[in-house]
Amino acid sequence: MSEITKGGRDPLDEALASLSADVRPERDLWPEIHAEIAKTPILAPASRVQTTWFRLAATVLLVVATSFTTYYITRHSVQPQTAQNVEPLPAPVTPVQPASFSFGPERLGAGYMNARAELDKRFQERLATLPAADRAKVEKNLADIRHAADEISATLAQHPSDPLLQDLLMSTYQSELQLLANVSDLPSAGSMRTDL
Amino acid sequence: MTTGAGTHSSALTADRSPLSDSALVAAARKGDMKAFERLYRLHSGKVMGLCLRMTRRRDVAEDCVQQTFIRAWRSLAAFEGRSAFGTWLHRIAVNEVLTHERNHGTRAESDGEAVEDAQAVPMESHREYDAGEVMDVERALATLPPGSRHVVVLQTVYGYSHEEVADMLGIAVGTCKAQLHRGRRLLRERMGLPETSDE
């Protein structure tokens, strides 16, 4: 491609090849680098599992915060009417149990479990006031979701690093929480969706 | 890739650790700053050379080297080891240089710009380099317009392929080839070397 020297190489290539890739800084830059990075402890690489659980925790906190607000507002606006129109109903024949979560949300810590328990408590209270037909639909849907969560978490326990299963389980938990929140936030009168 | 065998190789050797880059990176990822310092000692020369030839200013190059290692530390968790650690560092360094150029109004020429119009700004002298032919090529390199200079430095001094250079600089492979062609032609002119049929 070029003028060839006696040695068989292009003089430009020879000249470029003679350049050293290493050029030492005139001063030691490490002390300043060290001072700067000392302020920034390195973060351990977050595993996908951890990330997934943090996303789920964030979702739960958002749902709980939103549903508490809605609950507070609706409670004060519809409580007198509810007291007049709705007779107390017996507890559900089949108590709705949370999914067993063998790969479950207890990994998120006590804060999450308390918030979730509070949401579940309000759900149970609201569920008891629903007409029997609606209550049956809600219970069936919730049982389906929790059954699916149990199956996924059992499979995930055998394949804990499977990203598809992790996403699927998180999505199922989110569906469950959404159903709990939706029922908890229902006004006392009016129709409701049970197909969530 | 070209490996430097410059006048400071003995100093580098003195700093060289028996541990491999991957072992040092693994330790640094756990927060071991001594391991990261060893990585700095091993790689700062090449990163400095790259930054200096791209920026032509020692003070700017040193800032870029510092920022490169600070950013590397903060991003160590994201380093997946798909490329060599040195290559990863060079990518960060190129980004630092390009960011500096954007922030300070220096810009690489596009394809259509006449590189001949570029201002010839000789690089400050380096005590690392001897007078003579090497100095000539170093000075000629420093007079190239940024677009061509970046490509020539990354390809001919650091041994990256067209594709790698294009990716690092965020330009098309065709642009990269054109810049290399122009850079080599300008180098020949400025070094008094005869042109070749394909340049």
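Visitor: What covers the buried residues of H8(B)?
Guide: This is a predicted model, so take everything here as computed. The cover over the buried residues of H8(B) includes H5, helix H7 (146-157) and H9 of chain B.

Visitor: And which residues in H8(B) are buried?
Guide: They are B:Glu164, B:Val165, B:Ala166, B:Met168 and B:Leu169.

Visitor: What follows H8(B)?
Guide: B:Gly170 does, and its phi is positive, near 70 degrees.

Visitor: Is B:Ala172 buried or exposed?
Guide: B:Ala172 counts as exposed, because it has 12 C-beta neighbours inside 10 Å.

Visitor: Let me zoom out. How many helices and strands does chain B have?
Guide: Chain B has nine helices and zero strands. From the N terminus on, the elements run α-α-α-α-α-α-α-α-α.

Visitor: And chain A, how many helices and strands there?
Guide: Chain A has six helices and zero strands, giving the pattern α-α-α-α-α-α along the sequence.

Visitor: What share of each chain is buried?
Guide: In chain A, 24% of the 196 residues count as buried. In chain B, buried residues make up 40% of 199.

Visitor: Okay, new topic. Which residues touch the most other members of the largest nonpolar core?
Guide: B:Cys51, B:Ala93 and B:Val165 do, in a core of 54 residues. Helix H3 (residues 33-55) of chain B gives the largest share of this core, nine residues. Apart from this core lies another of 18 residues, among them A:Leu156, A:Tyr173, A:Leu177 and A:Val183.

Visitor: What does B:Cys51 touch?
Guide: Not counting residues up to four places away in sequence, B:Cys51 touches B:Ala61, B:Cys64, B:Val65, B:Ala93 and B:Val97.

Visitor: How do H3(B) and H4(B) cross?
Guide: Their axes come within 8 Å and cross at roughly 140 degrees. H3(B) and H4(B) are therefore oblique to each other, and H3(B) passes H4(B) in a right-handed crossing.

Visitor: Which residues meet there?
Guide: From H3(B), the residues include B:Phe36, B:Tyr40, B:Val47 and B:Cys51, while the H4(B) side includes B:Ala61, B:Cys64, B:Phe69 and B:Trp73. By class, the contact of H3(B) with H4(B) has twelve nonpolar, three polar and one charged residues.

Visitor: And how does H4 of chain B pack with H5?
Guide: Helix H4 (residues 58-75) and helix H5 (residues 85-103) of chain B pack at about 130 degrees, their axes 9 Å apart. H4(B) and H5(B) are therefore oblique to each other too, and H4(B) passes H5(B) in a right-handed crossing. Among the residues that meet are B:Cys64, B:Gln67 and B:Arg71 in H4(B), and B:Ala93, B:Glu96 and B:His100 in H5(B). The residues of this contact divide into seven nonpolar, three polar and two charged.

Visitor: Which residues does B:Ile70 contact?
Guide: Leaving aside neighbours within four places in sequence, B:Ile70 is in contact with A:Ile33, A:Glu36 and A:Ile37. B:Ile70 sits in helix H4 of chain B and counts as buried, with 20 C-beta neighbours inside 10 Å.

Visitor: One last stop: where is B:Arg56?
Guide: B:Arg56 is in the loop between H3 and H4 of chain B. B:Arg56 is buried, with 20 other C-beta atoms within 10 Å. B:Arg56 also has a positive phi of about 65 degrees although it is not a glycine. In general, most residues other than glycine have a negative phi.

Key
Residues are numbered from 1 along each chain as its sequence is written. Chains are lettered from A and ligands numbered from 1 in the order in which they are written. This is a predicted model: local features need pLDDT of at least 70, side-chain atom pairs count only at pLDDT 80 or more; totals for chains, interfaces and linings use all residues. Axes are lines fitted to C-alpha atoms, for helices over the stretch in contact, and angles run from 0 to 180 degrees between N-to-C directions. Helices (H or I, at least four residues) and strands (E, at least two) are DSSP runs, numbered from the N terminus. Angles under 35 degrees count as roughly parallel, over 145 as roughly antiparallel, 65 to 115 as roughly perpendicular and the rest as oblique. A crossing is left-handed if the near helix is turned anticlockwise from the far one by less than a right angle, and right-handed if clockwise. Two residues are in contact if their C-beta atoms, placed from the backbone, lie within 7 Å. Ala, Val, Leu, Ile, Met, Phe, Trp, Tyr, Cys and Pro count as nonpolar, Asp, Glu, Lys and Arg as charged, and the others, Gly among them, as polar. A nonpolar core is a set of buried Ala, Val, Leu, Ile, Met, Phe, Trp, Tyr and Cys residues joined through C-beta atoms within 7 Å.
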